[in-house]
Amino acid sequence: METGKTIKSKTLFFLYEWNAWWSPLSRAQKILPLVVALAYPTMILVLSNLTKLGGLRTDHFFTAAAGAGLWYLGPRLRSIFYFLLPLLLVGVVYDSMRYYSDLIRGPIHVSEPYHFDQYFFGINTSDGRLTPNEWFQKHTHPILDVISGFFYLCFIPIYVLICAYFCFEVSRVKNLHGRFRPMWAFFWVNILGYSTYYWYAAAPPWYVAQYGIGPADLHVAASAAGAARFDSIFGTHFFTGMYGRAADVFGAIPSLHVAYPMLAVFYAFRYGALRIFSLFFYLTMCFSAVYLNHHYILDILWGSSYALLVCSLLSAIPRSQVQ
């Protein structure tokens, strides 16, 4: 147990280290992070008043405070700042889409993804040829609801924890270069996925189940679909709350729920760690995406391809140019 003298000594050393970092910074380096942190919630407030698309939330302040706080705490926490920066940026980009998605979205594809899965992966039944999604909705089980719901709810924390292990443990033991690449891969696969929402907007399978394959209704609210069974079992509102804040209903392609685990698989085999768990994570998410009626198999293939593309492109960048 640390004594008061030891704590005081560490505090003084931290302050000395922080002052040595702070003093040579330019005025812009000292002020700009605070300006950005204050500008973000201010911008959200202005946009929400102009568009009436939702106001400030706690997570807006948390994002701004986390980014600025980690920067101002100095070099001791710099690696955590670099590690979390891609995650914070993804949150900002995703949340911003509600303000411009309807303005730049192309034609919405409702029937094409459905018919693709029905043709290539359809299951012949007495009710006709069903997509795997439709078949699973007739063959649900509480145990599958719990397992798939848990992984579908926690897919981002699980991926971040995997990346943290790669960054702070595996990279230390194996002296790896580019240790933040898995997190930047997360950022770029999201940017690639979000852009696809607009040039190939696609309705999820739950939409077809509820509204058919006719012209898309832009006023439809996001649905928890099969994930609502998880909330029903535990008496929670995790999924209804999460999908109530969804930025884009017609962003089924690609499946980013599956893309993240594929990133984990790529880096697990690249670093020689967590291979079995990453594969289990990926396969479970593939199953859950279809079982919970959120994605077609087409979406899974598309998301997996994006993940491999991003990893391949980042791997082509010289190590000296990536932290």
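The following dialogue explains several terms applied to this predicted model.

Guide: The model is predicted, so local features need pLDDT of at least 70 and side-chain atom pairs count only at pLDDT 80 or more, while totals for chains, interfaces and linings use all residues. Residues are numbered from 1 along each chain as its sequence is written, and side-chain values use heavy atoms, with hydrogens and water left out.

Visitor: Why is H2 called roughly antiparallel to H3?

Guide: The axes of helix H2 (residues 27–51) and helix H3 (residues 58–72) come within 9 Å and cross at roughly 175 degrees. Angles under 35 degrees count as roughly parallel, over 145 as roughly antiparallel, 65 to 115 as roughly perpendicular and the rest as oblique. H2 is therefore roughly antiparallel to H3. Axes here are lines fitted to C-alpha atoms, for helices over the stretch in contact, and angles run from 0 to 180 degrees between N-to-C directions. Helices are DSSP runs (H or I, at least four residues), numbered from the N terminus.

Visitor: Which residues make the contact of H2 with H3?

Guide: Contact means heavy atoms within 4.5 Å. Among the residues involved are Leu 34, Tyr 40 and Ile 44 of H2, and Phe 61, Ala 68 and Trp 71 of H3. By class, the contact has twelve nonpolar, three polar and one charged. Ala, Val, Leu, Ile, Met, Phe, Trp, Tyr, Cys and Pro count as nonpolar, Asp, Glu, Lys and Arg as charged, and the others, Gly among them, as polar.

Visitor: What makes H14 and H16 oblique to each other?

Guide: The axes of H14 and helix H16 (residues 297–315) come within 8 Å and cross at roughly 40 degrees. H14 and H16 are therefore oblique to each other.

Visitor: Is the crossing of H14 and H16 left-handed or right-handed?

Guide: That crossing is right-handed. A crossing is left-handed if the near helix is turned anticlockwise from the far one by less than a right angle, and right-handed if clockwise. The contact includes Met 262 and Phe 266 of H14 with Ala 307 and Leu 308 of H16.

Visitor: How do H14 and H15 lie to each other, and what is the value behind the term?

Guide: The axes of H14 and H15 come within 8 Å and cross at roughly 165 degrees. H14 and H15 are therefore roughly antiparallel to each other, and H14 passes H15 in a left-handed crossing. The contact of H14 with H15 divides into 13 nonpolar, two polar and one charged.

Visitor: How do you know that the peptide bond from Ile 253 to Pro 254 is cis?

Guide: Its omega is near 0 degrees. Pro 254 is found in the loop between H13 and H14.

Visitor: Which helix gives the largest share of the lining of the largest pocket?

Guide: H4 does, with eight residues. By class, the lining has 32 nonpolar, ten polar and five charged residues.

How values were computed: Helix = DSSP H or I, 4+ residues; strand = E, 2+ residues; numbered from the N terminus.
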